[in-house]
Amino acid sequence: MLDVIHWDIDLIRRYDQAGPRYTSYPTAVQFNGNIGSFDLLHALRDSRKANRPLSLYVHIPFCANICYYCACNKVITKDRSRAQIYLDRLEREIELVAAHVGPGQLVEQLHFGGGTPTFLNHDELRRVMSLLRRHFNLLEDGAGDYSIEIDPREADWPTMGLLRELGFNRVSLGVQDLDPQVQRAINRMQSLEETQAIVEAARTLQFKSVNIDLIYGLPLQTPDRFASTVEAIIKLQPDRLSLFNYAHLPERFMPQRRINTHDLPTPSDKLHMLKHSIEQLTEAGYRYIGMDHFALPDDELAVAQEDGTLQRNFQGYTTHGHCDLIGLGVSAISQIGDLYCQNSSDLNTYQQQLEHDQLATQRGLHCNDDDRIRRDVIRRLICDFELDHTQLGRRHGIDFQTYFQDAWPLLVQMSDDGLITLDEQLISVLPAGRLLVRVVCMAFDHYLPQQTTQRYSRVI
């Protein structure tokens, strides 16, 4: 599949800009404070009536150490006892939400994110999974996709054995970079041996998928050093691999202020890192799924993309986009039917609300007809690199070209430039445009002209 991406430096330089990652449309930037717990419970009632399957996301915000690059919602603490209070409140949230879920709604997908979920000790992990099994209809081992994010510095063989026993069958490992100088600059010392031990444990214990996250653009990275990291990770043969672009936004994320701006690689070096990494991964047999994600050809994501069933939600690319997503924990986002809603991102507020038996839903939005149409367009482009716009027009009862007449001149320009092909039936993202698919999607974003793009990472 070496022709899946064509590297065109002129196109990249012309179209590389900041923009959303479209884990949702509308994006979380559009969430407002008019959405509360009543809206969530109403949506859950509709989900229960329709007996829709579920995807659960559980947010564990704690980390023992700070990584300077990180933009996640997290709480840095060495005090492990803080988890106990949090789990008490999480238990109450699970009880309140699950009371509105039907017994026939199967949990096809489960994901623990953070923070560092393995900040919890073994008893605490058992407690959370026991709560979920008691209140939701979790599937038997292997039937669902149950994943957890792991910091290899916070896990060992017994931890991996426990996770497998509890029903997790997928793991995602944060690595970012293996070079000691880079690790010191981002305050994340993590040896290859630590990562390798967790991968070997996952294989031995028959986890069905291992994902590894890398970041390019970190301080003190060079093309040669990063190539060595990618080479070492390829030898571990993860089923999936994410190659994220570091977005340096110190005005928004305080820990990034500890990174010396002068240590960041030049834009030219970042492009070189990305180009060479793509070459390394494709030569090793990985398929480019899109949006920084790669997978082996027999991985479920690659197979779903081949047969046109790949979806995208707040957990990224998924084969479970048909599920209603329930987010549990501080800052967690739910997507239930046409409702998006998010819990408070402040830990104290989240805990106080639940201490008083109130859900911590703080903001969100209801999708309107226009949102649904544009969401459909963006999903298909970002998942399939292709959109049958005549079929979409029939599905939504619109004339596509008339409806998107404002975007049409830009689409024609992208076609002339070789990002896409545009005809009476299809929009197809060409190999030269696949790294820039976010830019193609941005042409259909109704809200983007009204907001600043400074809060977003650059496409490349």
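**Burial and pairing**

Me: Why is I378 called buried?

Reply: In this predicted model, I378 has a relative accessible area of 3%. Buried means under 20%, so I378 is buried.

Me: Where does I378 lie, and with which residues is I378 in contact, leaving aside its neighbours within four places in sequence?

Reply: I378 lies in helix α12, residues 369–384. With those neighbours left aside, I378 is in contact with Y22, Y25, C441 and F444; contact means heavy atoms within 4.5 Å.

Me: What makes strand β7 mostly covered?

Reply: Seven of the seven residues of β7 (170–176) are buried. On one side these are R170, S172, G174 and Q176, and on the other V171, L173 and V175, so both faces are covered.

Me: How do you know that β6 and β7 pair?

Reply: Two strands pair if at least two bridges are found between them. Four bridges join β6 (residues 145–150) to β7, so the two strands pair, and they run parallel. Within this pair, I150 stands opposite L173 of β7. The chain passes from β6 through helix α5 (residues 157–166) to β7, a right-handed β-α-β crossover.

Me: What makes β7 and β8 a pair?

Reply: Six bridges join β7 to β8 (residues 209–216), against a requirement of at least two; therefore these strands pair, and they too run parallel. Here S172 stands opposite N211 in β8.

How values were computed. Residues numbered from 1 in each chain as written. Predicted model: local features only at pLDDT ≥ 70, side-chain atom pairs only at ≥ 80, totals over all residues. Heavy atoms only, no water. Buried < 20%, exposed > 50% of the residue type's maximum accessible area, 1.4 Å probe, protein only. Right-handed = clockwise from strand over helix to strand, strands pointing away.
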